[in-house]
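Please look over the sequence and the model below before reading on.

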Amino acid sequence: MRTAPTGQQSTSRTESDAPAAAAARQAPLAGLGQVPWAEIKDSTGSAAAIPLLLNTIAWGDPATARAALEDVRKRICQYGFVVEQATAVTVPFLWELAQLPHVSCRARIIQLLKSIADARQWESTAAAYPKLLNHRENHVTWERAARQAVRDRRGVLRHLMAEGDAEISRATTELARALGEWGSHVSDSGQRV
């Protein structure tokens, strides 16, 4: 099985890249076709279903979008802390969805990003069982890449906080704290104190 590409455009873009951000607003999830999903592993095996699920989150009614997000969560951050090979390449699309006003489950997407940022299951296990690092499928590397993918887009946090939606602000504040972006100088309501 081939390892997920690490330097592709969809994971290396930054929020300060105005042309890319403008393109994302015009064509949400346009970069999905650039990822070899069928060759990447999620918790079910092939990650080939992830693009359809992400599109369902983007365009589905609230109940359908929530169900699709729950399926994505199970595939890339099972149990809320076990990441897979597909996690890092999925994260940029989750950040993109979290910024789209028409997406109905944005706060839940941000909560999923926080779970990914907090994930240390494989790293903790490898500390106790170093032989895990010699395994053909290096889960520790996947976990670190997933956390880094969340960190790479952290500049979006201020934009999400500025929206004024209490649920999004709360989830964003929790994610910011997990990333070490804001500490005690942000209140539970997300306001600077």
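## An exposed proline

At 69% relative accessibility, Pro101 counts as exposed, because the cut-off for that class is over 50%. This and every other value here was computed from a predicted model. Pro101 is found in the loop between H5 and helix H6, the latter spanning residues 106-118. Although Pro101 and Ala58 are 43 residues apart in sequence, their C-alpha atoms are 9.9 Å apart in space.

## A buried loop residue

Leu29 lies in another part of the chain, in the loop that runs between helix H2 (18-26) and strand E1 (41-42). With a relative accessibility of 4%, Leu29 counts as buried, because the cut-off for that class is under 20%. The backbone of Leu29 has a phi near 65°, which is a positive value in a residue other than glycine.

## The packing of H5 and H8

Helix H5, covering residues 87-99, packs with helix H8, covering residues 139-152, at an angle of about 20°, and their axes are 8 Å apart. Angles under 35 degrees count as roughly parallel, and H5 and H8 are therefore roughly parallel to each other. The crossing in which H5 passes H8 is right-handed.

On the H5 side, the contact is made by Thr87, Ala88, Val91 and Trp95, while H8 contributes Ala145, Ala146, Ala149 and Val150. Sorted by class, the contact of H5 with H8 has seven nonpolar residues and one polar residue, with no charged residues.

## Cysteines and disulfides

A disulfide is a covalent bond between the sulfur atoms of two cysteines. How many disulfides does the count come to in this model? When a pair of cysteine sulfur atoms has to lie within 2.5 Å to qualify, the count comes to zero disulfides.

## The chain as a whole

The secondary structure of the protein chain comes to 10 helices and four strands, and, read along the sequence, these elements follow the pattern α-α-β-β-α-α-β-β-α-α-α-α-α-α.

The protein chain has 193 residues, of which 46% count as buried. Among the contacts in the protein chain between residues at least 6 apart in sequence, 66% join residues at least 24 apart.

Technical notes
Residues numbered from 1 in each chain as written. Predicted model: local features only at pLDDT ≥ 70, side-chain atom pairs only at ≥ 80, totals over all residues. Heavy atoms only, no water. Axes fitted to C-alpha atoms, helices over the stretch in contact; angles between N-to-C directions. Helix = DSSP H or I, 4+ residues; strand = E, 2+ residues; numbered from the N terminus. Parallel < 35°, antiparallel > 145°, perpendicular 65-115°, else oblique. Left-handed = near helix turned anticlockwise from the far one by under 90°. Contact = heavy atoms within 4.5 Å. Nonpolar A, V, L, I, M, F, W, Y, C, P; charged D, E, K, R; others polar. Buried < 20%, exposed > 50% of the residue type's maximum accessible area, 1.4 Å probe, protein only.
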